[in-house]
Amino acid sequence: MKKTTLLLVIIVFFNIFSASAQDQLKRANTYFDRAFYSEAIPLYEEIAATNKSATVIKNLADSYYNTYQMPQAAKWYAYLTSIYGETLHETYFFKYSESLKATGDINKSFEVLTEYYQAKEDAEQVAKLKSDFNYLENIQAIGARFSIENLALNTTNSEFGAVPVDDQIVYTASKKKAAKIYRWNNQNYLDLYQHSVSELMYGDSISTSFSTAINTKMHEGTFAITKDRNTLYFTRNNFIKGKKKTDAKKVSNLKIYRATRIDSVWTNITALPFNSDDFSNEHPSLSSDEKTLYFASDRSGGFGSFDIYKVTIQENDVYTEPENLGSLINTDKKEQFPFVDQNDNLYFSSNGHPGFGLLDIFIAKKDTNQFQKPDNIGYPVNSSYDDFSYFQNENKGFFASNRPEGKGSDDIYSFTITKPLKIEACAQVITGVVTDRTTKQLLPFSTVRLLDIDHHEIAKIITKEDASFSFAVNCEEQYRIEAKKAQYEDNFKVLRTTKERNAKIDASLTLYATAEKEKVARIALQEKEKQALEKAKTAQKKKLKEEKEAAEALAAQEKQHKEKAEKEKAENIIKTINTEKAIVKEKNRTVIKTQAINFDYSMWYLRRETRERLETVVATMKNNPSITIEIGSHTDRRGNNNYNKELSQKRANSVKIYLLEKGIAAERIIAKGYGESQPIIACATDDACSEEEHELNRRCEFVIVKWE
């Protein structure tokens, strides 16, 4: 009976727990469907402890992604793609890639998408990813194009969309006073505010509402205003007669409204006729002649999420049908926040064009009546987070970003352009000279060809008198360099360029003269004949045994005499070393020791004290006419190897000339320059040693290399 009662209790508890878990999941899904992501996250986190279904993980990762908590989003997208990868839509891999960019791992972000498209055998997308990655490297190579400053009016809540209007900055921000919370991110709804340009250094406490007629309890945001300041286009939630209106999913879409100013009061606020309850229109911007209105919309018929459209403003406030700007501007992702400058160049934010993470700002320059292909405007305006609501006048302006180093949420930054947007592909230069392999002489008028990895000719030149060649090439590619000249054998070299921009790669080639090759062949033949003759002589030696034995006996006797002479010579050398003060045994060599023989930096003339000190060498050599010396000259490490080698040889020659003038026979003197190869004091860098230490390395040494 007790066991039955316990079993019933367990069953009841399990049913209650199961019902509770289902209720919690239902509540979390409701929050998610209504875009209350901040409230959905803690519920999904708790649910995921025991339920890691694809739907739960998708919604949890998306909730973090939509509230810009990117490290957490990356964590859950990683889990999602590793467990459910084969069943997932491309969108989740894209968001995983974007969240990785936001955390700073741009290489991994491209790997994620590359592996996805490789699995799908989509070679076109793989090639595009590689092209996009190279493009971003070219943007990064420009360096910082802007100086930026976070404005003092920013708070921990959202501020963006700054536009100067006369002596004011008008911007979008969360309501400054307690108000209804926007449950997407648990911040207040947005309003338009104004702030004196001359008082931008002060906090938002001096910002005031732009207009009580414009601002409502719903979102009001990005706007465009005419030059006469009498017409305003602005973004607002679908709001009719003081009431919010939603679509079938209970989402209040955004609309563009028009207001006119009469006697300093904004009135006649009306929604533009191309709005709809079923999709959003947002972020209006006027062309320089104010006849075209640009905006973003997620209406059907576009290329993806939000696209940029335009309408023509005709007389009596009549608007043409919205026209999509086309696939050159719009992608299957988001394009938002259009801004048209005084030259009618289009700036906009996108996460579909090659960017550094989330929304980046792009420019599409106006060419006659159409826009050119957009370019990423670069660092540091663009970051790994959302960068948007760009405004520029001349070389200054404003933009907004939710990058983590800001004050919180979206912040407004001012900027000044410091560099032009000059995008260049990574390039290097292959250079070299063509020389004779044997004589090392230059070979002018040689033909040099540059070929790609498939041996297709890219370029060809004929060298001039200096026998040099040079080719501009791409980074990280393989090339073949071929050289040819009449009466020479062809030669080639295969090399691969690196990632270092503007690096020079030496591809010098030597050519083998056919006449020289024939000469070497003749010598080889002669050597072969000689060896045959030697073989015949060896056979004859068998017949000359007695003469050979006599010769060997004589050789043994001569060897004995030679060994005796060598012994006597060695004893004389030891005696000389012991009696001659200047001759010193050092490790495995014998030297004539003098006071330091040094040279001035980069010079080879003999100082006065050097000449005096060389008298020790002169006297020693005259006292010991059987010795031959090597004058070993050295430099410090400053200057390049070739220069130092040449300089040290000049110094050795100067000393040799002096000894010759003192009557020492030339055959007793070997002058050799060692350059910087044998320092007394090793200097890690030029600045690591003092001038005195460098001078110690600039020395001459006198090594006895032969005793007669």
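Visitor: At what relative accessibility does Glu-457 stand, and does this residue count as buried, partly exposed or exposed?

Guide: Glu-457 counts as partly exposed, at 43% relative accessibility, where buried means under 20% relative accessible area, exposed over 50%, and partly exposed in between (1.4 Å probe, protein chains only). This is a predicted model, in which local features need pLDDT of at least 70 and side-chain atom pairs count only at pLDDT 80 or more, whereas totals for chains, interfaces and linings use all residues. Residues are numbered from 1 along each chain as its sequence is written, and side-chain values use heavy atoms, with hydrogens and water left out.

The side chain of Glu-457 meets that of Arg-449 in a salt bridge, at 2.9 Å from N to O, the term being used for a side-chain nitrogen of Lys or Arg within 4 Å of a carboxyl oxygen of Asp or Glu. Arg-449 is partly exposed as well, with a relative accessible area of 26%. The structure holds 31 salt bridges, and one of them joins Arg-607 to Asp-600, with the closest N and O atoms 2.6 Å apart; here Arg-607 counts as buried at 15% relative accessibility, while Asp-600 is partly exposed at 26%.

Glu-615 and Lys-662 form another salt bridge, at 3.4 Å from N to O. Because Glu-615 lies in helix H10 (residues 608-623) and Lys-662 in the loop between helix H11 (641-661) and strand E40 (669-673), this pair ties together parts that are 47 residues apart in sequence; helices (H or I, at least four residues) and strands (E, at least two) are DSSP runs, numbered from the N terminus. Glu-615 is partly exposed at 31%, and Lys-662 counts as partly exposed at 32%. Elsewhere, salt bridges that share partners join Glu-586, Arg-589, Lys-593, Arg-699 and Glu-701 into one network.
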